[in-house]
Amino acid sequence: MQDVASENDYKREIIIERMHLRGPHDNIKMLIRLETPIADKQLREAVKKISITHPLLASRIMMDREGNAFFTTKNVPEIPINHYKKINDETYMEAIYKEDLDTINTEKGPLSRIIYLDHEVNPEIIIYAHHVACDGLSLLYVSKHILEYLAYPEKKAEKIEPITY
(Lines give C-alpha, C1' and ligand atoms only; values in the text may rest on other atoms or scores of the structure.)
Protein backbone atom coordinates (compact mmCIF):
# COMPACT_ATOMS: atom_id res chain seq x y z
CA MET A 1 0.00 0.00 0.00
CA GLN A 2 1.35 3.40 -0.94
CA ASP A 3 1.57 6.11 1.70
CA VAL A 4 2.51 9.04 -0.51
CA ALA A 5 1.36 10.26 -3.89
CA SER A 6 3.46 9.19 -6.84
CA GLU A 7 3.47 9.92 -10.53
CA ASN A 8 1.58 6.66 -11.04
CA ASP A 9 -1.38 7.70 -8.88
CA TYR A 10 -4.62 7.95 -10.78
CA LYS A 11 -7.60 10.14 -9.87
CA ARG A 12 -10.82 10.73 -11.78
CA GLU A 13 -14.27 11.98 -10.81
CA ILE A 14 -17.10 9.45 -10.86
CA ILE A 15 -20.05 10.67 -12.88
CA ILE A 16 -22.03 8.12 -14.88
CA GLU A 17 -20.78 5.17 -12.80
CA ARG A 18 -22.39 6.70 -9.68
CA MET A 19 -25.47 4.47 -10.04
CA HIS A 20 -23.28 1.52 -9.02
CA LEU A 21 -21.36 3.36 -6.31
CA ARG A 22 -23.11 2.02 -3.23
CA GLY A 23 -24.24 -1.31 -4.66
CA PRO A 24 -22.22 -3.89 -2.69
CA HIS A 25 -23.43 -6.65 -4.98
CA ASP A 26 -23.00 -4.79 -8.28
CA ASN A 27 -20.15 -7.06 -9.28
CA ILE A 28 -19.36 -8.59 -12.63
CA LYS A 29 -17.33 -11.69 -13.32
CA MET A 30 -15.59 -13.26 -16.28
CA LEU A 31 -14.30 -16.82 -16.46
CA ILE A 32 -11.13 -17.73 -18.36
CA ARG A 33 -10.56 -21.43 -18.98
CA LEU A 34 -6.90 -22.33 -19.37
CA GLU A 35 -5.29 -25.34 -21.01
CA THR A 36 -2.35 -25.59 -18.65
CA PRO A 37 -1.59 -24.65 -15.03
CA ILE A 38 0.31 -21.46 -14.29
CA ALA A 39 2.69 -20.69 -11.48
CA ASP A 40 1.49 -18.41 -8.70
CA LYS A 41 4.42 -16.03 -9.30
CA GLN A 42 3.53 -15.78 -12.99
CA LEU A 43 -0.11 -14.98 -12.19
CA ARG A 44 0.91 -12.37 -9.59
CA GLU A 45 3.17 -10.63 -12.11
CA ALA A 46 0.36 -10.58 -14.69
CA VAL A 47 -2.06 -9.11 -12.12
CA LYS A 48 0.47 -6.41 -11.18
CA LYS A 49 0.63 -5.45 -14.86
CA ILE A 50 -3.18 -5.42 -15.06
CA SER A 51 -3.11 -2.86 -12.23
CA ILE A 52 -1.07 -0.60 -14.48
CA THR A 53 -2.96 -1.27 -17.70
CA HIS A 54 -6.42 -0.97 -16.11
CA PRO A 55 -6.00 1.41 -13.14
CA LEU A 56 -9.67 1.45 -12.12
CA LEU A 57 -9.42 -2.22 -11.13
CA ALA A 58 -6.66 -1.26 -8.69
CA SER A 59 -8.44 1.80 -7.33
CA ARG A 60 -10.82 2.74 -4.53
CA ILE A 61 -13.55 5.37 -4.15
CA MET A 62 -13.00 8.54 -2.16
CA MET A 63 -15.55 11.24 -1.43
CA ASP A 64 -14.88 14.93 -0.96
CA ARG A 65 -16.74 17.17 1.49
CA GLU A 66 -19.29 18.17 -1.15
CA GLY A 67 -20.22 14.53 -1.81
CA ASN A 68 -18.37 14.21 -5.10
CA ALA A 69 -16.93 10.74 -5.67
CA PHE A 70 -13.55 10.01 -7.25
CA PHE A 71 -11.54 6.96 -8.26
CA THR A 72 -8.06 7.01 -6.75
CA THR A 73 -5.17 4.56 -6.75
CA LYS A 74 -3.52 6.18 -3.74
CA ASN A 75 -3.28 3.97 -0.63
CA VAL A 76 -4.89 0.93 -2.26
CA PRO A 77 -3.76 -2.65 -1.49
CA GLU A 78 -2.68 -4.89 -4.35
CA ILE A 79 -5.37 -6.77 -6.25
CA PRO A 80 -5.79 -10.00 -4.27
CA ILE A 81 -5.63 -13.47 -5.78
CA ASN A 82 -7.88 -15.98 -4.05
CA HIS A 83 -7.12 -19.65 -4.62
CA TYR A 84 -9.55 -22.56 -4.79
CA LYS A 85 -9.02 -26.20 -5.74
CA LYS A 86 -11.00 -27.04 -8.86
CA ILE A 87 -12.87 -30.28 -8.23
CA ASN A 88 -15.19 -30.32 -11.25
CA ASP A 89 -16.57 -28.06 -13.97
CA GLU A 90 -19.02 -26.48 -11.51
CA THR A 91 -16.40 -25.37 -8.97
CA TYR A 92 -16.35 -21.88 -10.48
CA MET A 93 -20.00 -21.38 -9.45
CA GLU A 94 -19.22 -22.35 -5.86
CA ALA A 95 -16.19 -20.03 -5.81
CA ILE A 96 -18.25 -17.12 -7.15
CA TYR A 97 -20.93 -17.77 -4.52
CA LYS A 98 -18.30 -17.64 -1.75
CA GLU A 99 -16.73 -14.49 -3.22
CA ASP A 100 -20.15 -12.80 -3.43
CA LEU A 101 -20.40 -13.17 0.36
CA ASP A 102 -17.23 -11.06 0.75
CA THR A 103 -18.33 -7.73 -0.70
CA ILE A 104 -15.80 -5.34 -2.21
CA ASN A 105 -15.08 -2.44 0.13
CA THR A 106 -15.20 0.45 -2.35
CA GLU A 107 -13.67 2.93 0.09
CA LYS A 108 -10.68 0.70 0.86
CA GLY A 109 -10.26 -0.98 -2.54
CA PRO A 110 -9.15 -2.46 -4.73
CA LEU A 111 -12.30 -2.63 -6.87
CA SER A 112 -11.41 -6.08 -8.19
CA ARG A 113 -9.94 -9.43 -7.29
CA ILE A 114 -8.71 -12.48 -9.12
CA ILE A 115 -9.89 -16.00 -8.36
CA TYR A 116 -7.65 -18.88 -9.44
CA LEU A 117 -9.18 -22.35 -9.61
CA ASP A 118 -6.19 -24.66 -9.43
CA HIS A 119 -6.27 -27.88 -11.46
CA GLU A 120 -3.47 -30.01 -12.91
CA VAL A 121 -5.03 -30.09 -16.40
CA ASN A 122 -7.46 -27.21 -16.96
CA PRO A 123 -7.35 -24.47 -14.32
CA GLU A 124 -9.54 -21.38 -14.49
CA ILE A 125 -9.19 -17.69 -13.71
CA ILE A 126 -12.15 -15.55 -12.70
CA ILE A 127 -11.89 -11.79 -12.92
CA TYR A 128 -14.21 -10.40 -10.25
CA ALA A 129 -14.79 -6.65 -10.30
CA HIS A 130 -17.16 -4.03 -8.98
CA HIS A 131 -19.39 -2.67 -11.74
CA VAL A 132 -18.40 0.91 -10.81
CA ALA A 133 -14.91 0.15 -12.21
CA CYS A 134 -15.77 -1.69 -15.42
CA ASP A 135 -18.39 -3.37 -17.57
CA GLY A 136 -18.55 -6.65 -19.47
CA LEU A 137 -16.70 -5.36 -22.53
CA SER A 138 -13.97 -3.98 -20.29
CA LEU A 139 -13.56 -7.41 -18.68
CA LEU A 140 -13.12 -8.91 -22.14
CA TYR A 141 -10.12 -6.61 -22.64
CA VAL A 142 -8.84 -7.34 -19.13
CA SER A 143 -9.03 -11.08 -19.96
CA LYS A 144 -7.12 -10.50 -23.19
CA HIS A 145 -4.42 -8.57 -21.34
CA ILE A 146 -4.08 -11.15 -18.56
CA LEU A 147 -3.61 -13.87 -21.17
CA GLU A 148 -1.04 -11.74 -23.03
CA TYR A 149 0.91 -11.08 -19.83
CA LEU A 150 0.85 -14.78 -18.96
CA ALA A 151 1.96 -15.83 -22.46
CA TYR A 152 4.58 -13.08 -22.78
CA PRO A 153 5.90 -12.32 -19.28
CA GLU A 154 8.51 -9.93 -20.68
CA LYS A 155 5.79 -7.70 -22.17
CA LYS A 156 5.74 -4.27 -20.56
CA ALA A 157 2.45 -3.03 -19.08
CA GLU A 158 1.07 0.06 -20.74
CA LYS A 159 -1.57 2.19 -19.08
CA ILE A 160 -4.85 2.48 -20.92
CA GLU A 161 -6.64 5.69 -20.00
CA PRO A 162 -10.15 4.89 -18.78
CA ILE A 163 -13.02 6.50 -20.64
CA THR A 164 -14.16 9.77 -19.11
CA TYR A 165 -17.62 11.22 -19.47
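This is a predicted model: local features need pLDDT of at least 70, side-chain atom pairs count only at pLDDT 80 or more; totals for chains, interfaces and linings use all residues.

Residues are numbered from 1 along each chain as its sequence is written, and side-chain values use heavy atoms, with hydrogens and water left out.

Two packed helices are described by the angle between their axes and the distance between the axes. The axes of helix H1 (residues 40–53) and helix H3 (residues 136–151) cross at roughly 135° and come within 9 Å of each other. That angle makes H1 oblique to H3 (under 35 degrees counts as roughly parallel, over 145 as roughly antiparallel, 65 to 115 as roughly perpendicular and the rest as oblique). On the H1 side, the contact (heavy atoms within 4.5 Å) is made by Gln 42, Leu 43, Ala 46, Lys 49, Ile 50 and Thr 53, which meet Val 142, His 145, Ile 146, Tyr 149 and Leu 150 in H3. By class, the residues of this contact are 7 nonpolar, 3 polar and 1 charged (Ala, Val, Leu, Ile, Met, Phe, Trp, Tyr, Cys and Pro count as nonpolar, Asp, Glu, Lys and Arg as charged, and the others, Gly among them, as polar).

The structure also holds 1 cavity of 30 Å³ or more (a set of points on a 1 Å grid where a 1.4 Å probe fits but cannot get out, with lining residues having an atom within 4 Å of a point). Its lining consists of Val 47, Ile 50, Leu 57, Ile 79, Ser 112, Ile 114, Ile 127 and Val 142. H1 and strand E6 (112–118) are the elements that give two or more residues to this lining. The lining residues divide into 7 nonpolar, 1 polar and no charged. Ile 50 and Val 142 belong both to the helix contact and to the cavity lining.

Conventions:
Axes are lines fitted to C-alpha atoms, for helices over the stretch in contact, and angles run from 0 to 180 degrees between N-to-C directions. Helices (H or I, at least four residues) and strands (E, at least two) are DSSP runs, numbered from the N terminus. On a 1 Å grid over the protein atoms alone, a cavity is a set of points where a 1.4 Å probe fits but cannot get out, and a pocket is an open set with protein on both sides within 12 Å along at least five of seven lines; lining residues have an atom within 4 Å of a point. Grid points are joined across faces, edges and corners, and a volume is the space filled by probe spheres set on the points.
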